[in-house]
Each structure stands twice: as C-alpha cells, then as structure tokens.
Amino acid sequence: MLTKLETKVPPLVVLLACMAIAWMLGHGLPGRPIEPPFQGAIIVLLIAAGLYLNLAPKFAFGRAETTVNPLSPENASTLVTTGLYRWTRNPMYLGQAVLLTAWVVFVDRPGAWLAVPLFVAYITRLQILPEEYILPRRFPGLYVSSCERTRRWL
C-alpha cells in the first residue's frame, strides 16, 4: 500500500508535515528545553546552509535544462553530477533535512528531534529509492558511476 505514495507527495509537503510533527512532539512529550549556547546563531547557520543546499541545485538543474520536479523523475533529460552533486546525490533533500534541523533547534525540546529521522526515512523510502530505480534506466552507466563516486546523503 505504501508503494502508492512513491514520488507522489511533494518533498516540501513532507518537510512541512515533519515540522508540524516536531512541534507536536516537542510540546507533547515530556522534556525540558535544551537551550544550547548560541542557539540563535546555530539556527541562522542551519537555515543558510539548508537554503543553499536546497536552492543551488535548482539553479544547476535550470542550467542543465532538466526537470526539477521530484514527482516526475522519469522526465529528467540530463543527470547533474557537478557542483553539490559531487558530494551528495540528494542535496535538495539534505537541505530540507537541515532546514528541519533548524526548526527542531528552534522548538528546543528533546521530543522534536524524532522528526528528523522520520523525514530522512520517509524521503529515502518514498522519494529517493524510487528515483534510484528510475534514473539508472534513464541514464545507463552514468548514474551507476555517479553512485559509485557519491553517497546518497553525505
């Protein structure tokens, strides 16, 4: 039944849902605020990194004239392997995970941290794995060699 959700829910919707879950878990589960030193600076740095990781690849996709739509990986016309894609095959999803981490630091409750592995698990199973099924058929050889050089997340 879960297979019907593969590449069907926009990752931004998953991110927003996990942010809501982080808020609910943070305020629904017992736990005192963590109050890390330099909390504001940490949040700002995480937001900046998350936005960069999420937006820079979109510009790379535009330059390559390929789709950025995560709901239709079969429409990719070019496999981007430069820039951030030299270090991670999924910089946009990594950027969203970093943005979620910034939110969790803001929520400042231990229970909120459960949303981060939930996001990573959902995106891996229902977005990345289906993409990894489609892309080697779309770009034989090139995608496999890219996977050998570059990790899925980091």
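**Exercise 1. Surroundings of Gly-50**

Determine which residues Gly-50 touches in this predicted model, not counting residues up to four places away in sequence.

*Solution.* Step 1: locate the residue; Gly-50 belongs to helix 2. Step 2: list its partners beyond the excluded neighbours, which are Gly-95, Val-98 and Leu-99. The relative accessibility of Gly-50 is 0%, and the limit for a buried residue is under 20%, so Gly-50 counts as buried. Step 4: consider a residue outside this list. Arg-89 is 39 residues from Gly-50 in sequence, and their C-alpha atoms are 15 Å apart.

**Exercise 2. Surroundings of Leu-53**

State whether Leu-53 is buried or exposed, and identify its contacts, leaving aside neighbours within four places in sequence.

*Solution.* Step 1: Leu-53 lies in helix 2, which spans residues 39–64. Step 2: its relative accessible area is 15%, and Leu-53 is therefore buried. Step 3: its contacts are Leu-84, Pro-91, Met-92, Leu-94, Gly-95 and Val-98. Step 4: compare the two contact lists.

**Exercise 3. Packing of helix 1 and helix 4**

Describe how the axes of helix 1 and helix 4 are arranged, and classify the residues in the contact.

*Solution.* Step 1: the axes of helix 1 (residues 11–28) and helix 4 (residues 115–138) come within 9 Å and cross at roughly 155°. Step 2: angles over 145 degrees count as roughly antiparallel, and the two helices are therefore roughly antiparallel to each other. Step 3: the crossing of helix 1 past helix 4 is right-handed. Step 4: helix 1 contributes Pro-11, Val-14, Leu-15, Cys-18, Ile-21 and Ala-22, while helix 4 contributes Ala-115, Leu-118, Phe-119, Tyr-122, Ile-123 and Gln-127. Step 5: by class, this contact of helix 1 with helix 4 comprises 11 nonpolar residues, 1 polar residue and no charged residues.

**Exercise 4. An aromatic pair**

Characterise the geometry of the aromatic pair formed by Trp-23 and Trp-103.

*Solution.* Step 1: the structure contains 3 aromatic pairs. Step 2: in the pair of Trp-23 and Trp-103, the centres are 5.9 Å apart and the planes make an angle of 35°, a tilted arrangement. Step 3: the pair links distant parts of the chain, with Trp-23 in helix 1 and Trp-103 in helix 3 (residues 91–107), 80 residues apart. Step 4: Trp-23 is partly exposed at a relative accessible area of 40%, and Trp-103 is partly exposed at 25%. Step 5: ring pairs join Trp-23, Trp-103 and Phe-106 into a cluster.

Methods: Residues are numbered from 1 along each chain as its sequence is written. This is a predicted model: local features need pLDDT of at least 70, side-chain atom pairs count only at pLDDT 80 or more; totals for chains, interfaces and linings use all residues. Side-chain values use heavy atoms; hydrogens and water are left out. Helices (H or I, at least four residues) and strands (E, at least two) are DSSP runs, numbered from the N terminus. Buried means under 20% relative accessible area, exposed over 50%, partly exposed in between (1.4 Å probe, protein chains only). Contact means heavy atoms within 4.5 Å. Axes are lines fitted to C-alpha atoms, for helices over the stretch in contact, and angles run from 0 to 180 degrees between N-to-C directions. Angles under 35 degrees count as roughly parallel, over 145 as roughly antiparallel, 65 to 115 as roughly perpendicular and the rest as oblique. A crossing is left-handed if the near helix is turned anticlockwise from the far one by less than a right angle, and right-handed if clockwise. Ala, Val, Leu, Ile, Met, Phe, Trp, Tyr, Cys and Pro count as nonpolar, Asp, Glu, Lys and Arg as charged, and the others, Gly among them, as polar. Rings of Phe, Tyr and Trp (its six-membered ring) pair if their centres lie within 6.5 Å; planes under 30 degrees apart count as stacked, over 60 as edge-to-face and the rest as tilted.
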